[in-house]
Amino acid sequence: MKKVTSIHLLLSVGLYRRISNCQFNLTRFYCEGDQLSSSKRPGPLVRYRNLVQQGKLQHDPYQETVALELENLLCRLEKYEKDMEEYHDILSRWEIKRENERLKLLMEEAERIQHGDEWTTVKKHRHRIIERLMFWKKPNNVEPGVGKWVSYLNREKKLDYIVGRRPTAPPAPKGLYIYGSVGSGKTMLMDMFYSATEGIVKHRRRFHFHEAMLQIHEHMHKIWKNQVEEKSLQSGISTWIKNLPFDSKVKEWLAAEVRYKQEVQMKNILPAVADKFLVDRQVDQQGASILCFDEIQTVDVFAVVALSGIVSRLLSTGTVLVATSNRAPSDLNQDGMQREIFQKFVTKLEGHCKNILVESEIDYRRLIAQRSIVQAHYYWPLNEITLEEFEKTWGEVTDQYGGRIISKTIPVMFGRTLEVPECCNGVARFTFEYLCGQTLGAADYIAVAKNYHTVFISDIPVMSMRIRDKLLLLMIYFREVTREHFLI
């Protein structure tokens, strides 16, 4: 008997698109919102109970408890949205006033220097500070720019006195950190909640871990690039400073002070990434923000540091977090990477989120897969009959979408591209080796998932530890496909 060496697999959404307006995957429920007449969607508890009544979900007391918690959070968000709209209006006026006062202070200092009654005092003051530091430390430990740092701090203190400190944001509702075993319904419930926030919260984003890491890398790259470009543009004296009625020496001092303030703000890149990560706030789009984060995990040092810095920043600025994970917060970093940074992150997380354990031990993904007629198509064992069926299905599906099979290059993040060998209007075909045997990753799989609703994969080998790395890539691919399309 011929030994089975591979299988063929068809992942398809398009074939079954018309079966129902509501589609399910192994972990989540997804319903097209076009048919909903109300501007506000039903809350997660209402949706959950409706699905149980319709027989589409099996009642689970642990899931219902989580749905109730999410429903309560949704109710609190309505008032929080209004409070944050008022707060951002106050904050915007404060920022404008503070910046105007900052320029006013700089102009006053520049005028005093211009008239000669402060230039000597400034130099003596900075000289005394450096002397003290040199006495306290060795000369080679004295960092450049100490005088500018002191001037910057003194100016900030004056601004606190004149304008007042940054307005305090209204207390945010506690978010939820939902954790439990695989297939217990965590993502499904979070997605019900996320869908219900539309029309209630202006700034809302949902990320899976891999997508979030890619977004963070992309934002960091853009910020670094902008910093380099701005630094080259600011190497000279700005036009507005050149037009001031001061001599060149004072203008150089003023330009250096302005640049130093910008450098101080840019030194810690993670807060800057966090501000871009959720939303670029517009003047007419002020309000609350919510982040739904699926499958929080710490796979490496970068993930620990980036998640700690960015999520902590978002929580500190009033963002409400709803997250899912297979582990409790304290168990996320079992390898002990960057332990001190991670512990601060856990403390922040537990202060802003209520931990909820989904104690169900049932893996509903397996149940749904067993009962579902619409699921992935596996062609196995590999013989002439299954190969013929695979090719026949490929032909039928591509015929539905025009029948013209071409190769295509699709964009991937960071300016990269991916060549798709065979595709036809939303249908694509790959070999296992092409998807998992070369240097591809989550960014490539996200690009495939966003461009194609139906994917054929051929020549999948029998899995073994010998090809463990390829298997992990296949798992990442499946995760991105199911996250995008909700059906396999």
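Trainee: What do the side chains of arginine 429 and glutamate 391 meet in?
Mentor: A salt bridge, at 2.6 Å from N to O. The pair links distant parts of the chain, 38 residues apart, with arginine 429 in strand β12 (residues 427-431) and glutamate 391 in helix α13 (residues 384-400). The term salt bridge stands for a side-chain nitrogen of Lys or Arg within 4 Å of a carboxyl oxygen of Asp or Glu.

Trainee: Where do the coordinates and numbering come from?
Mentor: This is a predicted model, in which local features need pLDDT of at least 70 and side-chain atom pairs count only at pLDDT 80 or more, while totals for chains, interfaces and linings use all residues. Residues are numbered from 1 along each chain as its sequence is written, and side-chain values use heavy atoms, with hydrogens and water left out.

Trainee: And the helix and strand labels?
Mentor: They are DSSP runs numbered from the N terminus: helices are H or I with at least four residues, strands are E with at least two.

Trainee: Back to that pair. Is arginine 429 buried or exposed?
Mentor: Arginine 429 is buried, at a relative accessible area of 13%. Glutamate 391 is partly exposed, at 39%. Buried means under 20% relative accessible area, exposed over 50%, and partly exposed in between, with a 1.4 Å probe and protein chains only.

Trainee: How many salt bridges does the count come to?
Mentor: The count comes to 16. One of them joins arginine 155 and glutamate 109, with the closest N and O atoms 3.1 Å apart. Arginine 155 is in helix α4 (residues 146-162) and glutamate 109 in helix α2 (residues 61-114), so the pair ties together parts 46 residues apart in sequence.

Trainee: Buried or exposed, those two?
Mentor: Arginine 155 counts as buried at 5% relative accessibility, and glutamate 109 is buried at 12%.

Trainee: What about arginine 206 and aspartate 294?
Mentor: Their side chains meet in a salt bridge of 3.3 Å, N to O. Arginine 206 sits in strand β5 (residues 203-208) and aspartate 294 in strand β6 (residues 289-294), 88 residues apart, so this pair too links distant parts of the chain. Arginine 206 and aspartate 294 are buried.

Trainee: Which residues are linked in a network of salt bridges?
Mentor: Arg98, Glu99, Arg102, Glu156, Asp160 and Arg165.

Trainee: Changing topic. How many residues has helix α11?
Mentor: Helix α11 (residues 339-352) has 14. From first C-alpha to last it reaches 20 Å, close to the expected 20 Å; the expected span is 1.5 Å times one less than the number of residues.

Trainee: Which residues of α11 are buried?
Mentor: Phe342, Phe345, Val346 and Leu349. They cover an arc of only 100° around the axis, which puts them on the same side of α11. The arc is that of the directions from the helix axis to the C-beta atoms. The face turned away from the buried side carries the exposed residues Glu340 and Lys344.

Trainee: What do the buried residues of α11 pack against?
Mentor: β4 (175-180), α10 (301-316), β7 (320-325) and β8 (353-358). Contact means heavy atoms within 4.5 Å.

Trainee: How many residues are in the largest nonpolar core?
Mentor: There are 35, and Tyr177, Ile216, Phe277, Phe293, Ile310, Leu321 and Leu349 touch the most other members. The largest share, eight residues, comes from α10. A nonpolar core is a set of buried Ala, Val, Leu, Ile, Met, Phe, Trp, Tyr and Cys residues joined through side-chain atoms within 4.5 Å.

Trainee: What is phenylalanine 277 in contact with?
Mentor: Leaving aside neighbours within four places in sequence, phenylalanine 277 is in contact with Arg205, Phe207, Ala212, Gln215, Ile216, His219, Leu291, Ile310 and Leu314.

Trainee: Last topic, rings. How many aromatic pairs does the count come to?
Mentor: Five. One of them, tryptophan 394 with phenylalanine 456, is edge-to-face, at 5.1 Å centre to centre and 85° between the planes. Tryptophan 394 lies in helix α13 and phenylalanine 456 in strand β13 (residues 454-461), so the pair ties together parts 62 residues apart in sequence. Rings of Phe, Tyr and Trp (its six-membered ring) pair if their centres lie within 6.5 Å; planes under 30 degrees apart count as stacked, over 60 as edge-to-face and the rest as tilted.

Trainee: Are these two buried or exposed, and which cluster are they in?
Mentor: Tryptophan 394 counts as buried at 5% relative accessibility, and phenylalanine 456 is buried at 0%. Ring pairs link Phe390, Trp394 and Phe456 into a cluster.
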